[in-house]
Each structure stands twice: as structure tokens, then as C-alpha cells.
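Trainee: Could you take me through one part of this structure in detail? I would like to follow a single residue and the places around it.

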Amino acid sequence: EAAVQWLKDRLGVDLSVLAQLGGHGHKRTHRPNQGMVGAEIIYNIQRAVKTYEKSGMVKIMVDTRVTQLKRNDSGDVVGVEGVKMTKDGKNETISLTSPNVVLATGGFASDRSSGSYLD
């Protein structure tokens with residue numbers, strides 16, 4: 001229940017309908033009033049991330065490969081070192097520090113290399 005409330009309060013996700021789906025003994029699936037639940041959640045998360053990015057609170061870097069995590073004396077991750085592809089196709093070495101680091105990948109859906117699941 002706390003996660004549903006967080007999605008509503010923090011991101012504005014509509015999960016106002018409590019539904020009983022196949023195999024359920026009672027209503028337990030939170031759904032939006034209109035549309036699909038996955039699309040509702042993803043759309044609102046993307047909107048929030050774009051707002052944070054525009055405000056400067058988040059920096060999203062694409063075409064960037066992290067080669068090493070930077071750690072402080074306590075072992076906490078405080079940044080990354082890596083390589084970013086520039087607009088002209090050249091590699092640029094980067095070194096970034098931050099109080100918070102989130103690593104995300106394109107996942108299998110973005111892996112179009114030879115031998116990938118999409119090959």
C-alpha cells in the first residue's frame with residue numbers, strides 16, 4: 001500500500017481502481033481509471049525524470065561507458081570514470097563525482113550487438 005501511495009503522491013500516478021484479475025481470490029491489483037498500469041507508471045516516471053533533468057538535479061548521460069566506480073575511504077561509491085562518445089564520434093574520457101550515483105543500462109531491448117538475444 002505504501003508503494004502505491006508513493007507513486008500517487010510523488011509522481012501523480014493514477015492507481016485509483018482496485019481490480020480482481022484472473023486467479024485472484026479478491027481485489028488486489030491497483031490500476032488506473034483509464035489505460036494500462038505499466039504505461040501509466042512509466043509515463044509518469046519519465047515525466048518526473050525530465051523535470052529533474054531540466055532543473056539540473058539529474059544528469060542523464062547516454063552513449064557513455066562506465067569503466068570504474070570511484071570510492072571514498074569508507075568504500076562508498078562517490079562517482080565514476082568512463083568513456084563518453086562525443087557528437088563527432090570520438091571517445092572522451094570522463095571522471096565524475098556526485099553524492100548519489102545511479103547506473104542504468106539499455107537492457108536487452110537495446111542490445112543489438114552480434115550474439116545478443118535480439119540477434
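Mentor: Happy to! Keep in mind that this is a predicted model. Let's start at E40, which sits in helix α2, the stretch covering residues 37-55. This residue is buried and yet forms no salt bridge. The nearest side chain of opposite charge belongs to R47, 7.3 Å away; a salt bridge needs the two charged groups within 4 Å.

So what does E40 touch? Leaving aside residues up to four places away in sequence, its contacts are G12, V13, D14 and P32.

You will find G12 in the loop that links α1 (2-11) to β1 (17-19). With a relative accessibility of 43%, G12 counts as partly exposed, because that class lies between 20% and 50%. Setting aside residues up to four places away in sequence, G12 touches L7, E40 and N44. As for Y52, 40 residues from G12 along the chain, the C-alpha atoms of the two are 15 Å apart.

Now for the strands. There is an open sheet of 3 strands in the order β3-β4-β5, paired antiparallel. The edges are taken by β3 (64-71) and β5 (91-97); each has a single partner strand, so one side of each has no neighbour in the sheet. From one strand to the next, the twist averages 20 degrees. Strand β4 (residues 77-85) is joined to β5 by 7 bridges, and the two run antiparallel. For a spot to look at there, find M85, which stands opposite N91 in β5.

How values were computed: Residues numbered from 1 in each chain as written. Predicted model: local features only at pLDDT ≥ 70, side-chain atom pairs only at ≥ 80, totals over all residues. Heavy atoms only, no water. Pairing = 2+ DSSP bridges. Helix = DSSP H or I, 4+ residues; strand = E, 2+ residues; numbered from the N terminus. Axes fitted to C-alpha atoms, helices over the stretch in contact; angles between N-to-C directions. Buried < 20%, exposed > 50% of the residue type's maximum accessible area, 1.4 Å probe, protein only. Lys, Arg positive; Asp, Glu negative; His and termini not counted. Contact = heavy atoms within 4.5 Å.
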